[in-house]
Amino acid sequence: GLAETGQDLVTLNGVEAGMMAGLIDYAYTGNININKHNVQNLLSAANLLEVLPVRDACCQFLDRNMDETNCLGIHCFAEVHSCTELMQKAKTFVLKHFQEIIEGDEFVTITEAKLIEIISSDDLEVDKEETVFHACIKWLAAQQRVPKSFHKVLEHIRLPLLTPYFIHDVVERTSAVSESAECRALVEEARLYHLLPDRRSSVCCERTRARRSAGTAQVIVSVGGEDDKVVLRSVEFWDPATRLWKTLACLPFAVSKHGLVVSGQGKMYMAGGEYPD
């Protein structure tokens with residue numbers, strides 16, 4: 001029932017003649033040559049015509065030849081062609097090698113949405129959050145004009161985790177930040193986070209959560225209590241990432257029915273409770 005049914009000549013748009021010839025040869029011989037010059041066009045053609053073994057072989061070729069200079073391009077290319085496994089592998093590579101990738105030419109060509117997707121990830125590996133800010137400013141400088149939506153990028157930089165000196169000396173003096181009311185509000189949030197440390201627990205959002213590469217993680221801590229009427233002095237925590245219980249230093253005494261509170265500075269305070277006797 002399609003228009004092509006009655007046509008003597010059918011035009012296949014988006015497929016190069018050389019790629020079509022290669023796929024026809026593959027249909028008869030089972031062999032096809034994949035190299036760095038034809039892999040993307042060949043993958044596009046194989047994906048369009050559903051020649052799945054060739055498409056998968058192209059994905060494997062790109063995976064084997066992935067490095068800091070091409071991983072962003074491979075990630076975006078795989079996303080367009082719904083090559084889910086390759087797309088995820090490339091994204092994992094990007095997050096792991098972010099500090100090297102931002103030095104290359106590919107980084108400044110990505111879209112704002114892709115930049116946000118990368119910098120919003122808890123799995124982004126950076127030595128300090130200042131690196132993320134500098135990367136976003138480098139991306140911004142390469143754009144033809146400053147996007148009015150830059151505050152949407154700044155939302156995903158963890159400004160409260162920057163040092164107060166960096167916020168004052170660098171962030172506040174960046175024109176794209178100082179000229180935007182939305183950006184200034186985010187900077188003010190970070191300033192108050194440093195000025196009022198006792199209120200940090202009430203400012204709990206993505207921007208105050210340390211990335212996994214920082215060596216910190218949110219866990220559930222169990223302190224003392226009772227187990228089958230035996231009062232405990234043990235302190236343990238459950239790590240949702242590894243799904244394991246681990247042991248911390250024990251209390252100096254066994255206690256149950258006590259109260260616990262976590263401060264905004266990552267400290268825990270215990271009050272009240274009962275001794276075993």
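Good morning. Please note at the outset that the model is predicted.

I begin with the whole chain. The protein contains 12 helices and 7 strands. Its C-alpha trace spans about 95 × 55 × 40 Å along the principal axes. The radius of gyration is 27 Å, whereas a compact globule of 277 residues would have a value near 19 Å. Of these 277 residues, 35% count as buried. The accessible surface comes to about 17000 Å², and carbon and sulfur atoms account for 52% of that area.

Let us now turn to helix α8, which covers residues 129–141. From the first C-alpha to the last, its 13 residues reach 19 Å, close to the 18 Å expected at 1.5 Å a residue. Which parts of the protein do the buried residues of α8 pack against? They pack against α6, α7, α9, α10 and α11. Among the buried residues of α8 are Val132, Phe133, Trp139 and Leu140; Glu129 and Glu130 are also buried.

Consider Leu260, which lies in strand β6. Is this residue buried, partly exposed or exposed? Leu260 has a relative accessible area of 41%, so it counts as partly exposed.

Thank you for your attention.

Conventions:
Residues numbered from 1 in each chain as written. Predicted model: local features only at pLDDT ≥ 70, side-chain atom pairs only at ≥ 80, totals over all residues. Heavy atoms only, no water. Helix = DSSP H or I, 4+ residues; strand = E, 2+ residues; numbered from the N terminus. Buried < 20%, exposed > 50% of the residue type's maximum accessible area, 1.4 Å probe, protein only. Expected span 1.5 Å × (residues − 1). Contact = heavy atoms within 4.5 Å. Rg over C-alpha atoms; globule rule 2.2 N^0.38 Å. Areas by Shrake-Rupley, 256 points an atom, 1.4 Å probe, with all protein chains shown as cover.
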